[in-house]
Amino acid sequence: MTALPPPMKALRIHEFATPPRVTLDDVPPPQPAPGQVLIDVHASAISFVDLLRAEGKYQVLDTIPWIGGSECAGTVAAVGEGVTSHQVGDKVACLVRSCWAGQAVVDQDLAYRLSPDADLVAASALPAAYCTALYALRERGQLKAGETVLVLGAAGSVGYAAVEIAHLLGARVIAGARTADRRQAALEAGADEVVDTSTDAWKDEVKALAGKRGVDVIVDPVGGAATDTAFRTLGWGGRLLMVGFASGDIGKLGTNLSIVKGASLVGVDMRQCRERQPALAAQLMAEVMQWFGEGKLKPRIARQLPMADIQQAVADVQHNALAGRVVITMG
């Protein structure tokens, strides 16, 4: 009789709750199916989406109980039948649910190879935010070099990634953030200018910085009242890219402004891009990984905590307490 493998540690959600409640459990380790790879998870960056899922507020509800997480980095421990793209020992960054655990299984197409010397903690913050930012700016926003981009929530996960990528794409970047440390983080990411979005005057400051032409593209992962305010800074033919609602409020937009400015509100949903346009999603992620390997993308890790401190990590993300990503390590 074959002995069962020892259990692994995993962070699980047993009920939808606000604030999210996560428990450290012992669970059976997963096994890779054909076409999958088994990952020894080293680190997982926590996102706003992870918290929405735990609260039962995301578009797709999980079946309770489930292991949290949506992106991670680690090393390949085993490969399933038919897998030729990966070998045991490869470092990878993955888009995969249920990765807040010692091990996770992922389809081989969603495990992106890293260089042998890659920083796995930093890499764990790449798959969701950076792919979303590139998809938003280039595919949905049709950003061109020389255009002016306004990024709201510029020290958040998608915001920080958008500042770095807009800079790489040759745009002039105006970054909006509510605190001095977040504005400094945005400057370090490549922003040309920063504005304090905690003041009532930030719209006028953005307009002054953008000049007569106005802002060409806005990346908005914040939502709420900021959406309408930001839309008013757009120039003719501008595009506001609606990424999410980290403020907790969907907000309202004066749609007459789209006529006055000839401007567009463009939705950005990377999850549906992966489902409907898998080849495009793979291309975007390959570019992100290449830039990371070349040292052109440097995710900002604000805090690194062990699994036992998951509630502190969740609180940090929920209260937007830090300028940068919060990462849970599994070792």
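A cavity is a set of grid points where a 1.4 Å probe fits but cannot get out, and its lining residues have an atom within 4 Å of a point. The legends below describe close-up views of a predicted model.

**View 1. The largest cavity and its lining.** The structure holds one cavity of 30 Å³ or more. The volume of the largest cavity is about 60 Å³. Its lining consists of Ala125, Tyr130, Ala155, Gly156, Ser157, Tyr160, Ala161, Pro299, Arg300, Gly324 and Arg325. Helix H4 (residues 157–168) supplies the largest share of this lining, three residues. By class, six lining residues are nonpolar, three are polar and two are charged.

**View 2. The second largest pocket.** This pocket has a volume of about 220 Å³. Its lining is made by 13 residues. Ser115, Asp117, Ala118, Asp119 and Phe292 lie nearest the pocket centre. Helix H2 (120–123) and helix H10 (278–293) each give at least two residues to the lining. H10 gives the most, with three residues. Eight of the lining residues are nonpolar, two are polar and three are charged.

**View 3. A nonpolar surface patch around Ile64.** Phe16, Leu61 and Ile64 make a nonpolar surface patch of about 260 Å². Ile64 sits in the loop between helix H1 (48–55) and strand S4 (66–67). Ile64 counts as partly exposed because its relative accessibility is 36%. The next peptide bond is also worth a look. From Ile64 to Pro65 the bond is cis, with omega near -10°. Pro65 is also found in the loop between H1 and S4.

**View 4. The cis bond at Pro19.** The peptide bond from Thr18 to Pro19 is cis, with omega near 0°. Pro19 is found in the loop between strand S1 (8–13) and strand S2 (23–27).

View 5. Arg12 forms a salt bridge with Asp25, and the closest N and O atoms are 2.9 Å apart. The cut-off matters here, because buried means under 20% relative accessible area. A search of the whole structure finds 21 salt bridges.

**View 6. Asp181 and Arg182.** Asp181 forms a salt bridge with Arg182, with the closest N and O atoms 3.9 Å apart. A salt bridge calls for a side-chain nitrogen within 4 Å of a carboxyl oxygen, so this pair counts. Asp181 is partly exposed, because its relative accessibility is 39%. Arg182 is buried, because its relative accessibility is 10%.

**View 7. The network of Arg53, Asp62 and Arg97.** Salt bridges that share partners join Arg53, Asp62 and Arg97 into one network. In the bridge between Asp62 and Arg53, the closest N and O atoms are 2.8 Å apart. Asp62 has 14% relative accessibility and therefore counts as buried. Arg53 is also buried, with a relative accessible area of 3%.

**View 8. Positive phi at Ser98.** Ser98 is not a glycine, yet its phi is positive, at about 65°. The residue lies in the loop between strand S6 (91–95) and strand S7 (103–107). At 28% relative accessibility, Ser98 counts as partly exposed.

**View 9. Positive phi at Asn320.** Asn320 has a positive phi of about 50°, although this residue is not a glycine. Asn320 is found in the loop between helix H11 (310–318) and strand S16 (325–329). Its relative accessible area is 49%, so Asn320 is partly exposed. The cut-off decides the label, because exposed means over 50%.

**View 10. Val37 beside Ala78.** Val37 is found in strand S3 (residues 36–46). Val37 counts as buried, because its relative accessibility is 0%. Along the chain, Val37 and Ala78 are 41 residues apart. Their C-alpha atoms are separated by 6.0 Å.

Methods
Residues numbered from 1 in each chain as written. Predicted model: local features only at pLDDT ≥ 70, side-chain atom pairs only at ≥ 80, totals over all residues. Heavy atoms only, no water. Patch = residues over 30% accessible without salt bridge, like charges linked within 9 Å, V, L, I, M, F, W, Y side chains within 5 Å. Areas by Shrake-Rupley, 256 points an atom, 1.4 Å probe, with all protein chains shown as cover. Helix = DSSP H or I, 4+ residues; strand = E, 2+ residues; numbered from the N terminus. Buried < 20%, exposed > 50% of the residue type's maximum accessible area, 1.4 Å probe, protein only. 1 Å grid on protein atoms, 1.4 Å probe; cavity = no way out; pocket = protein on both sides within 12 Å on 5 of 7 lines; lining within 4 Å. Points joined across faces, edges and corners; volume = space filled by probe spheres on them. Nonpolar A, V, L, I, M, F, W, Y, C, P; charged D, E, K, R; others polar.
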